[in-house]
Amino acid sequence: MALCRYQLLKPSHNSAIAVSLLPRYPSSLRRSPRRRLPRFQRRRLLCTASLDRQLIVRYRHRLSSDILHFHLSYLMSHLFLRDQQGLSSEDTSSSITGDLLDYLNESWTQFHATAEAKRQLIAAGFQLLNENDDWNLQPGGRYFFTRNMSSLIAFAVGDKCLCWHWEITHYHYRTMKLIKVLWNTPLYSVGSGFHVVAAHTDSPCLKLKPRTACLKSGYQMVNVQTYGAGLWHTWFDRDLSVAGRVILKSGDGCFIHRLVKVKRPILRVPTLAIHLDRSVNTDGFKPNLESHLVPLLATKFEESHAKSEEKPLQPGSSKGAHHSLLLEVLSEELDCKVNEILSIELNVCDTQPSCLGGGKNEFIFSGRLDNLASSYCSLKALVDSCKSPFDLADQTAIRMVALFDNEEVGSNSVHGAGAPTMFQAMRRIVNCLASDNSGECAFELSADMAHGVHPNFSDKYEEHHRPELQKGLVIKHNANQRYATSAVTAFLLKELANIHKIPVQEFVVRNDMGCGSTIGPILASGVGIRTVDCGIPQLSMHRLHYQTFFP
Ligand SMILES: [Zn+2]
């Protein structure tokens, strides 16, 4: 029987956890498995040798109201065919779509995406932690922290992730009868595990250089650098603006940073008229990224006019590095004085709002779908999977969402997936809950957008692995470990999807083409976590404006 979307979005809350991956056996065995062991312990160790088989067998008994299930559901809510839906499911789905569009429109930059995620988590009762403080975590608690205002880790601790541990303190030597058993305080039950969904907050874009002021042929231009592997020709002739983070000097002499978003179009990168470039349609448009991709802010007249009104500079002011006009626009938006702006970290952004489109309103047209669609689904999955206090009552695992910055440039930064942020968070969580923190087990969905087959370039796709927009969640494979999916993790995901009647499809790149990558392999190798790379198929990836399917 096919499940309708309403059922997918609201699974029964009394079902158990999706995937609990490791059998519980003494941590000492994991440390030195070759040691001569008592027979019963050897038997347990042998069990672990068939871990994968156990894992596959055991998960069948643990259907999910867990974050993994919710995440799959939300991802899939964008992929189901219209004729499979009931009225109520459509209502639920359209509210999710509306929320997703709001999230996309709010999140112009990685900073805004993180701030919006923070707002949603606080509204849902999650407690903000400081990485510099001691953490006092409790079973049933929901927490999160951010790093650099652009990456975020949120987690919910299952009520039953603690169990009572006991040890024999006195026994009779000959008869081996117990004399005294000491019950210890409750400890984190090693083997309960982490269920993680990871995504990223950044997208390819243009970023302002430290010194942006530039004059060309009587125009005020703004110096930018390219970030990530964008399709840069799509940035020409668009209504652009700026958004990001600004460091300000506050009245008491302290420094504060605030987010800023200028909603009106203030920048444009004009193309050259065809009369001056006759071969553009035959030879292709090949802009020089240093000299041709510089956005135009205003005419020079505005600059000289602004200069006449300049006030004395304060030490540390960023004036001079930037056009006065740009700083005035920012100060208006921030409601502060120009000379209070000390530093800026801004992206060039598209002002066109995200919307539904297509003849049947079946597509989402939006910038930054890669990977804010996955970030939104992850957050919603976490919030909704522990909405009521009872949702965590029977849970033994810790549910986690990790949103990283800098995926588009390889993740090697202090706030990217290459940093040990997630691993450190897991360590700290286990340290708070347990004395033995070895061998915690985990399963991760690395959620990032996937390449849907392009109708005009279908020969660019491997013949038997061409994901289609309406045919389901895409599991990504690569033998060279550009994706972290293994046969076992792919199987687990497919079986989970099968149980919930969720269609999946598989993607493999052609052998004569290079393969993209994402945070999955970085987290899998850095944290040692079983991972499956998956995502929603889309068109126009890494373009200024993307497109994906929505029923
Ligand atoms: Zn991505």
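1. Basis. This is a predicted model; local features need pLDDT of at least 70, side-chain atom pairs count only at pLDDT 80 or more, and totals for chains, interfaces and linings use all residues. Residues are numbered from 1 along each chain as its sequence is written.

2. Overall content. The protein chain has 14 helices and 22 strands; helices (H or I, at least four residues) and strands (E, at least two) are DSSP runs, numbered from the N terminus. Of its 551 residues, 40% are buried. A residue is called buried if 20 or more other C-beta atoms lie within 10 Å of its own, exposed if 12 or fewer, and partly exposed in between, with C-beta atoms placed from the backbone. Among contacts with a separation of 6 or more, 75% are between residues 24 or more positions apart. A contact requires C-beta atoms, placed from the backbone, to lie within 7 Å.

3. Nine strands make an open sheet in the order 1-2-3-15-6-16-20-18-19, and the pairing is mixed. Strand 1 (127-128) and strand 19 (504-507) are at the edges with a single partner strand each, so one side of each has no neighbour in the sheet. Two strands pair if DSSP finds at least two bridges between them. Strand 1 pairs with strand 2 (residues 142-147) in the parallel sense over two bridges, and Gln-127 stands opposite Tyr-143 in strand 2.

4. Val-157. This residue belongs to strand 3 (residues 151-157). Val-157 is buried because 26 other C-beta atoms lie within 10 Å. Beyond neighbours within four places in sequence, Val-157 is in contact with Leu-137, Gln-138, Pro-139, Gly-140, Gly-141 and Ile-398. Val-157 and Cys-386 are 229 residues apart in sequence, yet their C-alpha atoms are 9.7 Å apart.

5. A second open sheet has six strands in the order 10-9-12-7-8-11, with antiparallel pairing. Its edges are strand 10 (255-261) and strand 11 (296-299); each has a single partner strand, so one side of each is left without a neighbour in the sheet. Neighbouring strands are turned by 25 degrees against each other on average, direction ignored. Axes are lines fitted to C-alpha atoms, for helices over the stretch in contact, and angles run from 0 to 180 degrees between N-to-C directions. Strands 8 and 11 pair in the antiparallel sense over three bridges, and Tyr-219 stands opposite Thr-299 in strand 11.

6. Helices on that sheet. Helix 10 (residues 324-334) packs on the sheet and touches strand 7, strand 8, strand 9, strand 10, strand 11 and strand 12 (341-350), its direction making about 95 degrees with that of strand 10. Helix 7 (residues 110-123) lies across strand 9 (240-249) and strand 10, at about 100 degrees to strand 10.

7. Helix 11. In this helix (residues 369-385), 16 of the 17 residues are buried, so it is largely enclosed by the rest of the structure. Please check the following peptide bond: Asp-370 and Asn-371 are joined in cis, with omega about 20 degrees. Asn-371 is in helix 11.

8. Positive phi. Ser-217, a residue other than glycine, has a positive phi near 50 degrees. Ser-217 sits in the loop between strand 7 (205-216) and strand 8 (219-227), and counts as exposed with 6 C-beta neighbours inside 10 Å. Ser-540 has a positive phi near 60 degrees and lies in the loop between strand 21 (537-539) and strand 22 (546-549). With 17 other C-beta atoms within 10 Å, Ser-540 is partly exposed.

Definitions and conventions
Contact = placed C-beta atoms within 7 Å.
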